[in-house]
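Let's take a walk through this protein together. Have the sequence and the 3D view ready, and follow along one region at a time.

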Amino acid sequence: MPGSDASQPSFADVEYGNRRRRTRRDQFLEMMNEVIPWDEWTGLIVPFYPTTGRRGRQPVPVETMLRMYLLQVWFSLSDEGTEDAIYDSYAFRTFLGLDFTTVQVPDATTLLHFRHLIEEHDLGKAFLDAQTRFFADQGWIMRGGTVVDATIIAAPSSTKNAAGARDPEMHQTQKGNQWYFGMKAHTGVDAGTGYVHTVTVTAANEADILQAANLMRPDDEVGYADSGYQGVAKRPEITGDEQLSQIQWRVAARKGTLKQMHPHEQHLESRKASVRAKVEHPFLIVKRDFKFTKTRYRGLAKNHNLMQVLFTSANLLMRARAVAITEAAGR
């Protein structure tokens with residue numbers, strides 16, 4: 001109504017707030033809203049963000065676009081799908097902070113340009129680096145050890161597209177008896193807490209072991225890996241580096257030799273496996289919670305940026321869930 005206070009709840013707000021049950025989407029978005037360092041992330045974007053719109057039109061606020069972009073990432077949506085979902089979902093509009101009486105949802109083209117800005121300036125890495133520094137300052141990361149691993153992300157194999165061809169930067173690989181076409185996401189995970197600190201991507205046919213050196217931190221003393229990394233300590237990029245050559249590699253034994261080991265050695269293998277298991281949790285969140293099981297963009301660069309945003313979000317979600325569990329236990 002004319003003259004009403006913009007902060008006054010609407011009938012929709014009151015009706016929505018009187019529900020008996022909150023959805024998982026509501027809980028998830030509220031949790032992420034609390035843990036995302038909005039001021040820091042918008043500060044990373046501002047130097048590259050236009051200050052004036054075309055023909056005097058004012059640009060959409062940076063935080064609004066960042067929130068819209070994160071909705072797209074977390075719910076695996078297209079540009080147009082994100083715009084439509086915000087119109088359809090009260091939870092999305094609340095997270096975005098939009099009041100339809102005063103402002104409209106940024107359109108898909110605006111989101112496209114913003115996404116390209118994030119990709120062009122490698123801001124996914126900036127988000128991950130900033131989050132890692134903050135976690136380290138808070139004492140939430142235990143230095144000294146990293147778990148390395150990789151997961152396959154499928155890519156569309158169809159040639160029914162404008163180019164009439166499959167993505168040339170994606171390749172096929174065999175795992176067990178099954179063939180996959182796509183890329184690999186390689187992660188370095190803090191051995192103490194399970195938070196991801198480094199992400200690289202390659203075509204699916206590149207051996208995991210080739211990325212091991214790129215996933216270690218300068219102060220790491222121990223590296224954990226599965227049996228696919230056998231011989232990593234002898235790799236030239238490891239032996240030829242003063243710091244990396246000092247790392248103690250604790251690589252899993254191959255399954256064929258495990259049964260022949262002495263019980264004491266089997267116990268040691270079990271302990272190593274319990275540390276390596278921490279690398280699986282971020283993969284699970286990215287694939288199950290964020291539903292990122294297939295690449296959305298062509299080329300490794302765009303997908304690398306997206307993977308870094310996804311794993312940064314996974315770290316924050318793991319931290320938020322840990323805090324929630326601690327608070328619930330203390331009641």
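## Two terms and a caution

Contact here means heavy atoms within 4.5 Å. Helices (H or I, at least four residues) and strands (E, at least two) are DSSP runs, numbered from the N terminus.

What you're looking at is a predicted model, where local features need pLDDT of at least 70, side-chain atom pairs count only at pLDDT 80 or more, and totals for chains, interfaces and linings use all residues. Residues are numbered from 1 along each chain as its sequence is written, and side-chain values use heavy atoms, with hydrogens and water left out.

## The big picture

The protein has 13 helices and six strands. Its C-alpha atoms fill a box of roughly 80 × 60 × 40 Å along the principal axes. Of the 331 residues, 44% are buried (under 20% relative accessible area; exposed is over 50% and partly exposed is in between, with a 1.4 Å probe and protein chains only).

The average pLDDT (the predictor's confidence in each residue, from 0 to 100) is 90 for the protein, and 90% of the residues score at least 70.

## Helix α3 and its cover

Which residues of helix α3 (residues 38-45) are buried? They are Trp38, Trp41, Thr42 and Ile45. Looking down the axis of α3, these buried residues fall within an arc of 95° (taken from the directions from the helix axis to the C-beta atoms), so they line one face of the helix. What covers them includes α2 (24-35), α4, α6 (90-96), α7, α8 (123-137) and α13 (300-329).

## Where α4 meets α7

The axes of helix α4 (residues 62-74) and helix α7 (residues 108-120) come within 10 Å and cross at roughly 90°. Axes are lines fitted to C-alpha atoms, for helices over the stretch in contact, and angles run from 0 to 180 degrees between N-to-C directions. On the α4 side, the contact involves Val62, Met65, Leu66, Met68, Tyr69 and Gln72; on the α7 side, Thr110, Leu111, Phe114, Arg115 and Ile118.

## A buried aspartate

Asp190 sits in strand β3 (residues 178-190). Asp190 is buried, with a relative accessible area of 0%. Beyond its neighbours within four places in sequence, Asp190 is in contact with Ile141, Met142, Arg143, Gly145, Tyr195, His197 and Arg217.
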